[in-house]
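Subject: Structure handover and notes

Hello,

Here is the structure you were going to look at, with my notes below it. Please read the notes with the model open.

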Amino acid sequence: MLAPTDIQLLLARTESFAAQAFECASAADADAAIDETLWAEFHRSGLAMAAFPTSLGGLGLIESNSQSDLCTVLRLLGAGDLSTARLIEGHINAIALVCRYGTAAQQASLAADVRSGALAAVWGAEDAAGLKIVRQGNHDELRGRKILASGAGFVTQPIVTAKSGDDQYMFLLRIAPDHPVDLSGWTAQGMRSTATGAIDLTGMRVGPDEQVGAAGDFMRQPYLSGGAWRFCAAHLGAMERLVDLFRHHLVARGRGEDPYQLQRIAACVAAARTARFWVEEAARRFGSEADAETIVAFANMTRMVTERSALDIMENVQRGVGLLAFIRPDPIERICRDLATYLRQPVPDLAMSNAARAWLNSSLPVGEF
Ligand SMILES: Cc1cc2nc3c(=O)[nH]c(=O)nc-3n(C[C@H](O)[C@H](O)[C@H](O)COP(=O)(O)OP(=O)(O)OC[C@H]3O[C@@H](n4cnc5c(N)ncnc54)[C@H](O)[C@@H]3O)c2cc1C
């Protein structure tokens, strides 16, 4: 458990970092790049190291009993800027994977790199050819590329997944800052400043020093699907910011007493609060002793609730604010674009139906799901 002073300090720093990210977000969106000063602040604030255990100079934010604090951190970051939150969520996930499956040497090495200013990420998505491990002479190397890799061009310590036959492995790579990346395909309507691109890793040597854990560890449950609550927490932060901006708009224009607007406000508050109950509970359960199946089912249901809440909030805010919500650089315009894009996560139908099936096949009262 973190000492109260550590938690308070971290949350205060996160709040001030998120406020800075919010200030920078409009320019970052226009330039499709996050300002370097923000990354410098990310490291200076202690946020970059916070996920590591205290023995490695962090605050143990990825440990089981700190998931509620991590939830608050990601929610605050999502309220600041979703692109920044996405990159930091990837950074934290990479640290979690290395701390869960990696060797002590890999953990110490990543901590040293992050302390020196490195950013980590998890790059799992790939094209049909995939990233392969091939034998070359007396060593193994990678062949192929990763796609939809956030932070391509400035993340230097990514975890990548690669296959040898049917076995999937994770590698913690060291990528040179000038390693070629292809950002030309990242023309998404939102999340423009995440530098989400393709990167060819052909020829990179991999061996025991780079391999993190054993075959199949990346897909291990409840960590893979159960961890989905983290992106939900970032989405939730953006929803809360949208609802705040909606209130500000209505009050500033003297339109708050209109019964139709009050109805929209009620719907927004209920949706944001509903998502918060679910996301905070999913975070708590992720760190609990509950069995893997229960944790995954709850996280999957949380994804569905969060997505529905976000879509409802965006519709209400856009209809209640009107055209202004579509005109740059109003933050509502950008946040809706970012949120709509970031909501698109893998296999949402499967996540929802798996959650439904888990309850259907159990004998749990619904209130105890
Ligand atoms: C901003 C952003 C940053 C990202 N950064 C990273 C990153 O750093 N690293 C990384 O690995 N990935 C990253 N991703 C990619 C992410 O992990 C997912 O791969 C991606 O978001 C999947 O979205 P999708 O809509 O294409 O999913 P899909 O799973 O293709 O879903 C699209 C629709 O198809 C349905 N569907 C899916 N499968 C089937 C099927 N077999 N039959 C019928 N219907 C199906 C789904 O339910 C859904 O309705 C990022 C994504 C975003 C938006």
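A polar contact here is a pair of N or O atoms within 3.5 Å; within protein, one must be able to donate a hydrogen and the other to accept it, and residues adjacent in sequence count only if both atoms are side-chain atoms. This is a predicted model, in which local features need pLDDT of at least 70 and side-chain atom pairs count only at pLDDT 80 or more, while totals for chains, interfaces and linings use all residues. Residues are numbered from 1 along each chain as its sequence is written, and side-chain values use heavy atoms, with hydrogens and water left out.

In the side chain of Arg-86, an N or O atom is 3.0 Å from a nitrogen atom of the ligand. An oxygen atom of the ligand lies 2.8 Å from a polar side-chain atom of Asp-349. On its own the ligand has 970 Å² of accessible area, and the protein covers 58% of that (Shrake-Rupley method, 1.4 Å probe; for residues, only the protein chains shown count as cover).

The shell around the ligand holds 18 residues, with Leu-148, Ser-150, Arg-344, Val-347 and Asp-349 the closest (a residue is near a molecule or strand if one of its heavy atoms lies within 4 Å of it). By type, the shell divides into 10 nonpolar, 5 polar and 3 charged residues. Here Ala, Val, Leu, Ile, Met, Phe, Trp, Tyr, Cys and Pro count as nonpolar, Asp, Glu, Lys and Arg as charged, and the others, Gly among them, as polar.

Which elements supply at least two residues each to this shell? They are strand S1 (120-123), strand S4 (145-149) and helix H11 (348-360). Helices (H or I, at least four residues) and strands (E, at least two) are DSSP runs, numbered from the N terminus. The ligand lies between domain 2 (122-215) and domain 3 (223-368), because both give residues to the shell; the bounds come from an automatic or database domain assignment.

Backbone points to check

Most residues other than glycine have a negative phi, and most peptide bonds are trans. Val-347, in the loop between H10 and H11, has a positive phi near 35°. With 52% relative accessibility, Val-347 counts as exposed (buried means under 20% relative accessible area, exposed over 50%, partly exposed in between; 1.4 Å probe, protein chains only). Ala-195 also has a positive phi, of about 50°. That residue sits in the loop between strand S6 (167-172) and strand S7 (197-200), and at 9% relative accessibility Ala-195 is buried.

The bond from Gln-221 to Pro-222 is a cis peptide bond, with omega near 10°; Pro-222 is in the loop between strand S9 (211-212) and H6. Arg-328 and Pro-329 are likewise joined by a cis peptide bond, with omega about 5°. Pro-329 belongs to the loop between helix H9 (292-321) and helix H10 (331-342).

Annotated spans

An unreviewed UniProt entry places "domain: Acyl-CoA dehydrogenase/oxidase N-terminal" at residues 8-116, a span that is 72% helix and 0% strand. The UniProt feature "domain: Acyl-CoA dehydrogenase/oxidase C-terminal", also from an unreviewed entry, is at residues 227-340, and that span is 81% helix and 0% strand. UniProt positions are in the numbering used here, feature names are shortened, and annotations may be inferred rather than shown by experiment.

Regards
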